[in-house]
Amino acid sequence: MNHDIAKYFEPSSAGDGAKEHPGPARLLPWSSADGNPCYLLGDGTGHVSCVADDIECLQLGMADDLIGHADELLACQGASNRELRFLSRGLTDCLRDVRRVAESRGGAAACR
């Protein structure tokens, strides 16, 4: 896959910058303006890493909430097609976010 790497850099704790970062780039939980994935180089202790961690936690929490809503709606015999389509869209969006979090944390890389 050919992705553009967004220019997010955090200095390493050694102070030598991202140029000599030994680890892989972190996939961030947002995309660039043109829809390409954004990556971060650094040691994971900077401001951008903290923002990314917060967004990932928010996404996972939203997924949990939506799963609860899905359980309730699916248990209801009177759910309309419109409600079910709306639920499907929400679940698809959350699944995409959770998949991205897993990929970012290294849990999905071995599955490709």
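Colleague: Is Ser49 buried or exposed, and how do I read that?

Modeller: Buried means under 20% relative accessible area, exposed over 50%, and partly exposed in between (1.4 Å probe, protein chains only). Ser49 counts as buried because its relative accessibility is 1%. Please keep in mind that this is a predicted model: local features need pLDDT of at least 70, side-chain atom pairs count only at pLDDT 80 or more, and totals for chains, interfaces and linings use all residues. Residues are numbered from 1 along each chain as its sequence is written, and side-chain values use heavy atoms, with hydrogens and water left out.

Colleague: Where does Ser49 sit?

Modeller: Helices (H or I, at least four residues) and strands (E, at least two) are DSSP runs, numbered from the N terminus. Ser49 belongs to helix H1, residues 47–75. Leu28 is 21 residues from Ser49 in sequence, and their C-alpha atoms are 8.4 Å apart in space.

Colleague: Which residues of H1 are buried?

Modeller: The buried residues in H1 are Val48, Ser49, Ala52, Glu56, Gln59, Ala63, Leu66, Ala70 and Leu73.

Colleague: What span should H1 have?

Modeller: The expected span of a helix is 1.5 Å times one less than its number of residues. H1 has 29 residues, so it should span 42 Å; its end C-alpha atoms are 43 Å apart, which agrees.

Colleague: Let's turn to charges. How many salt bridges does a search of the whole structure find?

Modeller: Side chains of opposite charge can pair when their charged atoms come close. A salt bridge is a side-chain nitrogen of Lys or Arg within 4 Å of a carboxyl oxygen of Asp or Glu. The search of the whole structure finds five. One of them pairs Arg105 with Glu56, at 3.1 Å from N to O. That pair links distant parts of the chain, 49 residues apart: Arg105 is in the segment after helix H2 (81–104), and Glu56 is in helix H1.

Colleague: Are Arg105 and Glu56 buried or exposed?

Modeller: Arg105 is exposed, because its relative accessible area is 52%. Glu56 counts as buried, because its relative accessibility is 1%.

Colleague: Which residue forms a salt bridge with Arg96?

Modeller: Asp93 does, with the closest N and O atoms 3.4 Å apart. Arg96 and Asp93 both lie in helix H2, three residues apart, about one turn of the helix. Elsewhere, salt bridges that share partners join Arg26, Asp53, Glu56 and Arg105 into one network.

Colleague: And what about Arg89?

Modeller: The side chain of Arg89 also meets Asp93 in a salt bridge, at 3.4 Å from N to O. Both lie in helix H2, four residues apart.
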